[in-house]
Amino acid sequence: MLESRWLEAVGVAVAITLATATAAQAAPAPNPAAESASAVVTLRYDDSRAGGWEAEIAAGVASWNSNVDNVKLVEAAPGTRAEIQIVATSGWPQATLGPVRPGGQVRVELGSQAVAQGHDKTRIAAHEIGHSLGLPDTKPGPCSQLMSGSSAGISCKNALPNAAEQSRVESAYGGGLAPRVPADGRVLVDAP
């Protein structure tokens, strides 16, 4: 009887070992590089002090959200800290050069002086958000470059980043590295 229980216990141990080995072969170990490459960095923005720019900010945010895969801009809930502070001012548009990190903070000023001279408000919003994501100005430049800013002229309405601009942002936030890449911190003023 003792021998029978011993054989039964050995049989159970062998069965558990085989099941564990089979499961280990069936489910490969997670690949941390693949997981971090597909990581999406979420950045919150606060536009509560940007009265009169709500539609243009929403369009600028939508432009970035639909053109980059690893960064997602979301409106901050009231009372929560936002990485991107967006305010309306009477001067020229300007922004802190990023890339802003989750938990960090940059400022975007949407200046009415550029609007008074005829520049498109949606392009201004998308351009200034681009600074927050780490893109410097590319002046002078054509209208097809969002970061050419005011140098593209007042007839330019393009608020979409081109392929090179998209690639630079995705590279800056690739692999979940954005938390380790500090913002540049310079303030870029977009006056002609």
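**Entry 1: the disulfide.** I began with the cysteines and found that the structure holds one disulfide. I keep in mind throughout that this is a predicted model. The bond joins C143 and C156, with their sulfur atoms 2.0 Å apart. I looked up the torsion about the S-S bond next; at about 85°, it makes the disulfide right-handed. Both C143 and C156 lie in the loop between α5 and α6, so the pair ties together parts that are 13 residues apart in sequence.

Are the two cysteines buried or exposed? C143 is partly exposed, at a relative accessible area of 29%. C156 has a relative accessible area of 3%, under the 20% cut-off, so I note it as buried.

**Entry 2: helix α3.** I checked the length of this helix against its ends.

Which residues of α3 are buried? I list E56, I57, G60, V61, S63 and W64. Seen down the helix axis, these buried residues fall within an arc of 150°, so they line one face of α3.

What does the buried face pack against? I traced contacts from the buried residues of α3 to the strands β1 (41-49), β2 (71-75), β3 (84-89) and β5 (106-111), and to the helices α5 (121-132) and α6 (163-172).

**Entry 3: the core.** The largest nonpolar core has 32 residues, and W64, L73, L133 and Y173 touch the most other members. I see at least two core residues from each of β1, α3, β2, β3, β5, α5 and α6. The largest share, four residues, comes from α5.

Leaving out residues up to four places away in sequence, L133 touches L43, W64, V71, L73, P99, V169, A172 and Y173.

**Entry 4: N70.** This residue sits in the loop between α3 and β2. Its relative accessibility is 9%, so I count N70 as buried.

Where does its side chain go? A polar atom of the N70 side chain lies 2.8 Å from the backbone oxygen of E170. The N70 side chain also reaches the backbone oxygen of Y173, at 3.4 Å. Beyond four places in sequence, I find N70 touching A39, V40, V41, V169, E170, Y173 and G174.

Conventions:
Residues numbered from 1 in each chain as written. Predicted model: local features only at pLDDT ≥ 70, side-chain atom pairs only at ≥ 80, totals over all residues. Heavy atoms only, no water. Buried < 20%, exposed > 50% of the residue type's maximum accessible area, 1.4 Å probe, protein only. Arc of directions from axis to C-beta. Contact = heavy atoms within 4.5 Å. Core = buried A, V, L, I, M, F, W, Y, C linked by side-chain atoms within 4.5 Å. Polar contact = N/O pair within 3.5 Å; in protein donor to acceptor, adjacent residues only side chain to side chain. Disulfide = S-S within 2.5 Å.
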